[in-house]
Amino acid sequence: MNPYHESDHTQMLQDTLSRFMEKEMPNEHVQEWDRECHFPEDIHKKLAELGLMGITVDEKYGGSGRDIQTTIAVIEALCGRSLAVGGMYIQSACYAGLNIAEVGSERQKEELLPKVVSEGLILAYGFSEPDVGADLASVRTTAKRNGDTLIINGSKRFCSGAKHADYIYTLVRTGPEEDRYKNLSIVLVPPDSTGVTLTQQETLGLKGGGTFDVSFDDVEVPIENLVGEAEGWNRGWPMLVGPGLDIEKIEVAGMALGIAAAAVNEAWAYSQDRIQFGRPICHFQSVRHALADVQTRLHACRLMTYHSASLLDRNATASLETSMTKLFVSDEAKDIVLKCQEILGAYGYVKDFNMERLVRDILAMPILGGSSAIQKNNICNLMKLPK
Ligand SMILES: Cc1cc2nc3c(=O)[nH]c(=O)nc-3n(C[C@H](O)[C@H](O)[C@H](O)COP(=O)(O)OP(=O)(O)OC[C@H]3O[C@@H](n4cnc5c(N)ncnc54)[C@H](O)[C@@H]3O)c2cc1C
């Protein structure tokens with residue numbers, strides 16, 4: 001829960017969401033979605049009906065106005081229950097809602113943003129490639145102009161939710177490779193286009209929407225699918241590293257926070273139920289201290305996450321704070337979950353409890369959205385440490 005900003009509107013939305021999750025996302029379904037790598041599309045549509053996609057979208061396009069703190073509160077709550085739902089919520093409300101608003105052409109905003117609000121339109125990020133991880137300026141997937149169309153060739157990797165997306169938000173090279181940052185563009189590619197092949201990757205966690213290898217073989221899309229249209233040509237890099245990147249860092253922090261909070265709640269409850277040596281294990285000092293420790297660290301993570309969100313709501317410059325938040329929260333959340341797993345002993349290692357899923361999911365957080373090492377680079381660079 002956001003310690004900085006509890007408006008009546010946010011509180012009402014959180015109450016509605018809690019009741020919704022109780023009814024529509026019972027634990028046995030959550031476990032099944034994870035086991036079967038299933039994205040519950042009906043739940044996603046219902047979240048749109050509740051108005052939850054619209055909280056990133058301006059009223060002009062049918063939303064209730066961009067509210068980053070409330071968006072993070074929704075991400076925290078959903079990801080604490082199920083990443084199959086929470087991950088795809090982010091891909092709609094944030095990947096689609098926030099990016100199109102920030103860098104789309106007016107025509108693209110008018111066409112796509114109302115669909116984010118009413119149907120939960122989904123974007124999948126097609127940035128990483130087999131040989132391209134952190135160094136995104138090296139992408140090799142190309143788009144060439146051919147009259148009124150773009151022809152795309154190449155391959156992407158780790159494209160989360162690609163199978164369920166309306167469009168893959170594809171980072172492509174639109175000029176010579178040596179120009180690196182200067183000739184990248186972003187194209188919206190429907191995953192069911194002729195020439196697109198999706199192959200699901202096996203992952204440890206983040207199961208629901210799945211993550212995919214994508215190959216593009218002479219895929220043709222209309223020139224209108226260039227993000228930003230005429231102004232978007234060779235403008236992919238500034239689009240990628242704009243304010244949207246700061247928000248993406250705290251989206252991951254919000255996910256990590258939700259997972260860590262779920263682990264703390266499970267360990268807290270378990271410690272009171274599990275009897276050893278004739279008493280609940282929460283009577284033992286080592287367990288009590290471990291629980292005090294994880295609650296305190298969780299509180300620190302929450303303060304940082306919502307503080308960053310509050311800066312973004314004020315449109316303040318927050319690249320430094322969001323990098324610190326992404327670094328601290330994803331690393332701390334990982335340690336918190338592993339500590340909670342220890343409290344459950346053997347039961348933290350079997351599927352009867354949520355803990356083993358939470359462990360699998362949390363391990364991705366320091367990797368996604370710019371790894372911890374990349375955030376450390378950002379922090380030193382932003383603070384102008386000579387190199
Ligand atoms: C479950 C999952 C879902 C994902 N979903 C998506 C998605 O939807 N779309 C998408 O495009 N990508 C996605 N990714 C990819 C993710 O964004 C990349 O993993 C990330 O960009 C890092 O790339 P890499 O893993 O190839 O690591 P690399 O860049 O190869 O780095 C390997 C190691 O070297 C370190 N390193 C690299 N460069 C530096 C440097 N300059 N300084 C210090 N250390 C450095 C890294 O921190 C890391 O420890 C996903 C990944 C996972 C695991």
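## Close-up views of a predicted model

**View 1. Val-103 in helix α5.** Val-103 lies in helix α5, residues 83–103. Helices (H or I, at least four residues) and strands (E, at least two) are DSSP runs, numbered from the N terminus. This is a predicted model: local features need pLDDT of at least 70, side-chain atom pairs count only at pLDDT 80 or more, and totals for chains, interfaces and linings use all residues. Residue numbers start from 1 along each chain as its sequence is written. Val-103 counts as buried because it has 22 C-beta neighbours inside 10 Å. The cut-offs are 20 or more other C-beta atoms within 10 Å for buried, 12 or fewer for exposed, and partly exposed in between, with C-beta atoms placed from the backbone. Leaving out residues up to four places away in sequence, Val-103 touches Val-227, Gly-228, Met-239 and Gly-242. Contact requires C-beta atoms, placed from the backbone, within 7 Å. Gly-236 is 133 residues from Val-103 along the chain, yet their C-alpha atoms are separated by 9.5 Å.

**View 2. Domain 1 against domain 3.** The chain is assigned domain 1 (8–121), domain 2 (125–235) and domain 3 (242–382). These bounds come from an automatic or database domain assignment. In this view, 19 residues of domain 1 contact 21 residues of domain 3. On the domain 1 side, α4 (68–81) and α5 are the elements giving two or more residues. Helix α4 provides the largest share, nine residues. That side divides into 11 nonpolar, four polar and four charged residues. Ala, Val, Leu, Ile, Met, Phe, Trp, Tyr, Cys and Pro count as nonpolar, Asp, Glu, Lys and Arg as charged, and the others, Gly among them, as polar. The C-alpha centres of domain 1 and domain 3 lie 21 Å apart.

**View 3. The ligand shell.** The ligand lies between domain 2 and domain 3, because both give residues to the shell around it. Of the 19 residues around the ligand, Phe-127, Gly-133, Ala-134, Phe-158 and Ser-160 come nearest. A residue is near a molecule if its C-beta atom, placed from the backbone, lies within 6 Å of it. At least two shell residues come from each of β1 (123–126), β3 (149–160) and α12 (372–382). The shell holds 12 nonpolar residues, seven polar and no charged.

View 4. Helix α8 (residues 243–273) has 31 residues. From first C-alpha to last, α8 reaches 46 Å, close to the expected 45 Å. The expected span is 1.5 Å times one less than the number of residues. In α8, 23 of the 31 residues are buried. The largest nonpolar core has 108 residues; those touching the most other members include Val-187, Ala-256 and Ile-259. α8 gives the most to this core, with 15 residues. Such a core is a set of buried Ala, Val, Leu, Ile, Met, Phe, Trp, Tyr and Cys residues joined through C-beta atoms within 7 Å.

**View 5. Two positive phi angles.** Cys-37, not a glycine, has a positive phi of about 50°. Cys-37 is found in the loop between α2 (27–36) and α3. Cys-37 is partly exposed, with 16 other C-beta atoms within 10 Å. Phe-277 has a positive phi near 50°. Phe-277 sits in the loop between β8 (275–276) and β9 (279–280). With 7 C-beta neighbours inside 10 Å, Phe-277 counts as exposed.

Definitions and conventions:
Two residues are in contact if their C-beta atoms, placed from the backbone, lie within 7 Å.
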